[in-house]
Amino acid sequence: MQADLSPVIAATAQWLTRAFPASGGALASALCEVQARQAVTVAAWLRYPTAMDAALVGVAGPGGSARLDWLTGADASLGDDVDAHAWRTWVDEVVASWAASLLTDPELAALAVAALAEGGHSTGSPAEFRRLIAPDAGDQRAAALLRHPDLLAPVAELHHSQLLDRLHPGRTLIA
């Protein structure tokens with residue numbers, strides 16, 4: 001089932017790391033990419049919890065990065081070479097939004113990782129998402145832009161309420 005979502009996970013993580021790049025050299029880039037991939041993996045597994053969900057997104061496609069590119073201003077730098085940016089068609093806006101929420105809120109990230117235990121994706125080990133839920137100082141420095149709440153707010157806010165609904169089903173609304 002994980003392989004079915006791999007194009008969505010790879011493309012969405014790539015979009016996040018291009019929109020909010022690492023600050024530093026090759027090690028910082030690698031640490032930033034790992035954090036983005038962990039956040040996107042958790043978000044994708046929450047968004048598509050069953051094999052049927054994963055199969056449907058594989059058939060229908062996730063929608064692409066057009067709205068995210070416009071929102072972050074990345075659309076101005078794309079140019080005319082459509083083939084060079086074909087991977088962007090596999091970016092999932094909701095998954096990117098949920099991942100942005102997880103990257104900026106450690107408590108929400110821990111709650112999301114715990115919720116994976118109910119699904120069929122995870123091995124059940126929170127350690128596999130350590131850089132997401134408990135980043136050390138090096139992780140924080142490497143992904144300073146990727147974890148900056150103000151920078152990610154426009155992306156995170158797109159579908160934040162849906163993430164909360166997914167993590168808290170049946171909660172009572174208070175007026």
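At what angle do the axes of helix α5 and helix α6 cross, and within what distance do they come?

A: This is a predicted model, where local features need pLDDT of at least 70, side-chain atom pairs count only at pLDDT 80 or more, and totals for chains, interfaces and linings use all residues. Residues are numbered from 1 along each chain as its sequence is written, and side-chain values use heavy atoms, with hydrogens and water left out.

Two packed helices are described by the angle between their axes and the distance between the axes. Helix α5 covers residues 93–104 and helix α6 covers residues 106–116. Their axes cross at roughly 120° and come within 5 Å. (Axes are lines fitted to C-alpha atoms, for helices over the stretch in contact; angles run from 0 to 180 degrees between N-to-C directions.) Therefore α5 is oblique to α6. (Under 35 degrees counts as roughly parallel, over 145 as roughly antiparallel, 65 to 115 as roughly perpendicular, and the rest as oblique.)

Now the residues. From α5 come Ser101, Leu102 and Thr104. From α6 come Pro106, Leu108, Ala109 and Ala112. Contact means heavy atoms within 4.5 Å. By class, this contact has five nonpolar residues, two polar ones and no charged ones. (Ala, Val, Leu, Ile, Met, Phe, Trp, Tyr, Cys and Pro count as nonpolar; Asp, Glu, Lys and Arg as charged; the others, Gly among them, as polar.)

Next, the setting. The chain has 10 helices and zero strands. (Both are DSSP runs, numbered from the N terminus: helices are H or I, at least four residues; strands are E, at least two.) Of the 175 residues in the chain, 40% are buried, meaning under 20% relative accessible area with a 1.4 Å probe, protein chains only.

Technical notes:
Buried means under 20% relative accessible area, exposed over 50%, partly exposed in between (1.4 Å probe, protein chains only).
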